[in-house]
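Please read this report with the sequence and the 3D structure side by side. Follow each residue as it comes up.

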Amino acid sequence: MECASLTRRLPRNFGRGLIWIYRHTLSPLVGYNCRHLPTCSVYGDEAIERFGLWAGGWMTLARLLRCQPWGTSGIDNVPMVSPPGARWYLPWRYGRWRGVNAG
């Protein structure tokens, strides 16, 4: 039973591992100038941990696309529950594409 649990968490841990590598290699070179709190890498790590690689990855993609000079800024936390209407076959519904801390 424990082996099945580890196997199911493998994609999630892979995604979090990529974020860890980014934080310790590229992030110091790029600089710490994220427009949101928590930073995009912390947001991505939390979203993937909470919702898995598929849903959390789409949430992270939406956040990264909002984090640009003409995008949003401010406090933007990962939602506690999956957005209504979000399904694995409608992945764009996982992301918050506009605004911060919506509903």
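## Terms and ground rules

A salt bridge is a side-chain nitrogen of Lys or Arg within 4 Å of a carboxyl oxygen of Asp or Glu. Helices (H or I, at least four residues) and strands (E, at least two) are DSSP runs, numbered from the N terminus. Buried means under 20% relative accessible area, exposed means over 50%, and partly exposed is in between (1.4 Å probe, protein chains only).

This is a predicted model, where local features need pLDDT of at least 70 and side-chain atom pairs count only at pLDDT 80 or more, while totals for chains, interfaces and linings use all residues. Residues are numbered from 1 along each chain as its sequence is written, and side-chain values use heavy atoms, with hydrogens and water left out.

## Salt bridges

How many salt bridges does a search of the whole structure find? The search finds eight. Start with glutamate 49, whose side chain meets that of arginine 9 in a salt bridge, at 3.2 Å from N to O. This pair links distant parts of the chain: glutamate 49 is in helix 3 and arginine 9 is in helix 1 (residues 2-24), 40 residues apart. Glutamate 49 also forms a salt bridge with arginine 16, and here the closest N and O atoms are 2.8 Å apart. Again the pair links distant parts of the chain, with arginine 16 in helix 1 and glutamate 49 in helix 3, 33 residues apart.

Arginine 23 and aspartate 45 meet in a salt bridge too, at 3.7 Å from N to O. Arginine 23 lies in helix 1 and aspartate 45 in helix 3, so this pair ties together parts that are 22 residues apart in sequence.

Arginine 9 is partly exposed at 30%. Arginine 16 is partly exposed at 28%. Arginine 23 is partly exposed at 27%. Aspartate 45 has 15% relative accessibility, so it counts as buried.

Arginine 50 also lies in helix 3. At 30% relative accessibility, arginine 50 is partly exposed. Its C-alpha atom is separated by 18 Å from that of alanine 4, which is 46 residues away along the chain.

Helix 3 runs over residues 40-66. A straight helix of 27 residues would span 39 Å at 1.5 Å a residue, but helix 3 spans only 10 Å between its end C-alpha atoms. The expected span is 1.5 Å times one less than the number of residues.

Where is the kink in helix 3 centred? The kink is centred on glycine 52 and is about 135°. The bend at a residue is the angle between axes fitted to the seven residues ending there and the seven starting there.

Leucine 37 and proline 38 are joined by a cis peptide bond, with omega at about -5°. Most peptide bonds are trans. Proline 38 lies in the loop between strand 1 (36-37) and helix 3.

## Cysteines without disulfides

A disulfide is a covalent bond between the sulfur atoms of two cysteines. The cut-off used here is a pair of cysteine sulfur atoms within 2.5 Å. A search of the whole structure finds zero disulfides. For cysteine 34, the nearest cysteine sulfur is that of cysteine 40, 3.4 Å away. For cysteine 67, the nearest is also that of cysteine 40, 3.6 Å away.

Cysteine 34 has 31% relative accessibility and counts as partly exposed. Cysteine 67 is partly exposed as well, at 21%.

## The largest pocket

The largest pocket has a volume of about 480 Å³. Of the 24 residues that line this pocket, the closest to its centre are Tyr22, Thr39, Cys40, Ser41 and Leu64. Helix 3 gives the largest share of the lining, ten residues. A pocket is an open set of points on a 1 Å grid over the protein atoms alone, where a 1.4 Å probe fits, with protein on both sides within 12 Å along at least five of seven lines; lining residues have an atom within 4 Å of a point. Grid points are joined across faces, edges and corners, and the volume is the space filled by probe spheres set on the points.

Serine 41 lies in helix 3. At 15% relative accessibility, serine 41 counts as buried. The C-alpha atoms of serine 41 and tyrosine 22 are separated by 8.1 Å, and the two residues are 19 residues apart along the chain.
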